[in-house]
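Please read the following report alongside the sequence and the model, turning the view as each part is discussed.

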Amino acid sequence: MTPSGSAEVSASAMSTTAPALGLLMLYVVSIVVNGLVSTGKGVPLTNKDIAFTHPTYLSPPPFAFAIWGVIYLLVGAFCIVQALPRVVGLPHLAPLRPYVALALACNCGWLFLFGHELFWTSFLVICSYLAALFKIVSLVRLDLVDWDAPSYAVRLLAHCAFAANASWVTVATLLQLQLNLLDEGYFASADLSVAMLLVAVALGVWRAFVAADLPWAAVSAWALYAIRSNQQPGSDWGCLPAICESCKAGAQRICSNGRALPLGWAAACAGKLRGAPADRCVLPRSAAVASTCSAGVALVALALVAGVVRGLRATRAAKREGDPGYRHM
């Protein structure tokens with residue numbers, strides 16, 4: 001190889017390696033930002049404080065957010081693997097990197113905006129975040145039962161990371177819309193909440209059936225289960241102790257606006273509601289929301305089974321026909 005040829009190869013390798021390393025660094029930054037914001041550093045309010053003071057029918061209990069640990073681990077694994085020397089140049093990865101970078105940037109931006117009660121601006125950011133995740137999943141374009149697809153292992157990792165992320169952010173986007181409306185003075189009814197839940201269920205069923213998408217289906221089921229648990233007796237959803245404690249954590253508009261319950265908590269937390277015990281749960285549970293969540297989990301599970309069967313049959317049929325380009329990108 002001539003010196004000029006070596007230089008071209010080196011330049012080509014750098015043009016691939018630099019974005020890969022940049023993406024890995026951006027992931028590290030996003031983890032640091034998440035850690036700081038979750039402890040109240042850099043923002044006046046944590047997500048938990050805002051969530052308790054804005055109870056909606058799509059609100060999950062705190063334990064549900066443990067799913068972020070799984071999502072961040074998967075995304076981190078992808079960011080590490082895509083920068084490895086033997087993987088960095090795979091053609092399937094180059095189109096993903098700009099959208100992964102956009103998703104990580106939106107994640108960080110949303111945390112700061114939401115923590116400063118810039119709810120509508122943060123809503124635009126979370127919509128952009130969701131769009132980037134949808135784009136990543138569409139670019140990976142992997143049917144999980146298509147084991148002969150090129151670069152299957154790397155693409156599987158990418159798919160698991162961002163399908164799980166997209167599934168959760170779908171529900172989070174619907175939740176934030178309800179939260180924003182509550183902050184504006186409108187409490188989304190159980191009927192509207194059921195309709196919004198059906199959007200998340202429909203997406204989960206679709207992904208489960210067309211791509212045997214286990215990560216998407218599993219996270220959808222987890223979100224639905226968590227939302228359902230908040231509508232069960234014994235949860236602290238819509239109860240004054242948790243709400244008023246969060247109101248003490250920082251100045252929030254909904255804690256001081258003087259509106260009637262559940263659009264404002266000033267009077268309730270000041271003890272001015274006649275005959276209101278300290279542990280009063282001011283919002284009624286919804287059997288319709290709980291039933292929709294239960295039915296949604298069952299539908300997603302059934303769609304996943306059907307999707308696996310469909311995928312296996314299609315793969316076998318393609319192999320019998322001897323199609324060498326079956327499902328290959």
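A cavity is here a set of points, on a 1 Å grid over the protein atoms alone, where a 1.4 Å probe fits but cannot get out, while a pocket is an open set with protein on both sides within 12 Å along at least five of seven lines; residues with an atom within 4 Å of a point count as lining. Grid points are joined across faces, edges and corners, and a volume is the space filled by probe spheres set on the points. This is a predicted model, in which local features need pLDDT of at least 70 and side-chain atom pairs count only at pLDDT 80 or more, whereas totals for chains, interfaces and linings use all residues. Residues are numbered from 1 along each chain as its sequence is written, and side-chain values use heavy atoms, with hydrogens and water left out.

**Overall build**

The protein holds 12 helices and 0 strands, where helices (H or I, at least four residues) and strands (E, at least two) are DSSP runs numbered from the N terminus. Of its 329 residues, 48% count as buried, a term that means under 20% relative accessible area, with exposed meaning over 50% and partly exposed in between (1.4 Å probe, protein chains only). Among contacts (heavy atoms within 4.5 Å) between residues at least 6 apart in sequence, 81% join residues at least 24 apart.

**Cavities and pocket**

The structure holds 2 cavities of 30 Å³ or more. In the table and below, Ala, Val, Leu, Ile, Met, Phe, Trp, Tyr, Cys and Pro count as nonpolar, Asp, Glu, Lys and Arg as charged, and the others, Gly among them, as polar.

| Space | Volume | Lining by class |
|---|---|---|
| Largest cavity | about 80 Å³ | 8 nonpolar, 3 polar and no charged residues |
| Second largest cavity | about 50 Å³ | 6 nonpolar, 3 polar and no charged residues |
| Largest pocket | about 900 Å³ | 22 nonpolar, 11 polar and 2 charged residues |

The lining of the largest cavity includes Ser30, Tyr72, Asn107, Tyr129, Phe162 and Asn165, and the elements that give two or more residues to this lining are helix 3 (67-81), helix 4 (97-115), helix 5 (119-140) and helix 6. Around the second largest cavity lie, among others, Ser167, Thr170, Trp216 and Ser220, with two or more lining residues coming from each of helix 6, helix 7 (190-211) and helix 8 (214-229).

The largest pocket has a volume of about 900 Å³; of the 35 residues that line this pocket, the closest to its centre are Asn47, Lys48, Phe65, Trp68 and Trp110. Helix 1 (3-38), helix 2 (47-53), helix 3, helix 4, helix 5 and helix 6 each give two or more residues to its lining, and the largest share, 7 residues, comes from helix 6.

Helix 6 (residues 152-184) has 33 residues and should span 48 Å at 1.5 Å a residue, which agrees with the 47 Å between its end C-alpha atoms; the expected span is 1.5 Å times one less than the number of residues. Because 28 of its 33 residues are buried, helix 6 is largely enclosed by the rest of the structure. Just after helix 6, Gly185 takes a positive phi of about 110°.

A nonpolar core is a set of buried Ala, Val, Leu, Ile, Met, Phe, Trp, Tyr and Cys residues joined through side-chain atoms within 4.5 Å. The largest such core has 84 residues, and those with the most contacts inside it are Phe78 and Phe162; helix 6 gives the most to this core, with 17 residues. Not counting residues up to four places away in sequence, Phe78 touches Leu23, Leu93, Leu96, Val100, Leu157, Ala158 and Phe162. A second, separate core of 5 residues includes Ala217, Val300, Ala303 and Leu304.

**Backbone details in the loops**

Although Glu117 is not a glycine, this residue has a positive phi of about 60°; Glu117 lies in the loop between helix 4 and helix 5 and, at 10% relative accessibility, counts as buried. Arg141, likewise not a glycine, has a positive phi of about 45° and lies in the loop between helix 5 and helix 6, but Arg141 is exposed, with a relative accessible area of 53%. Finally, a cis peptide bond with omega of about 0° joins Leu261 and Pro262, and Pro262 is placed in the loop between helix 10 (253-256) and helix 11 (266-269).
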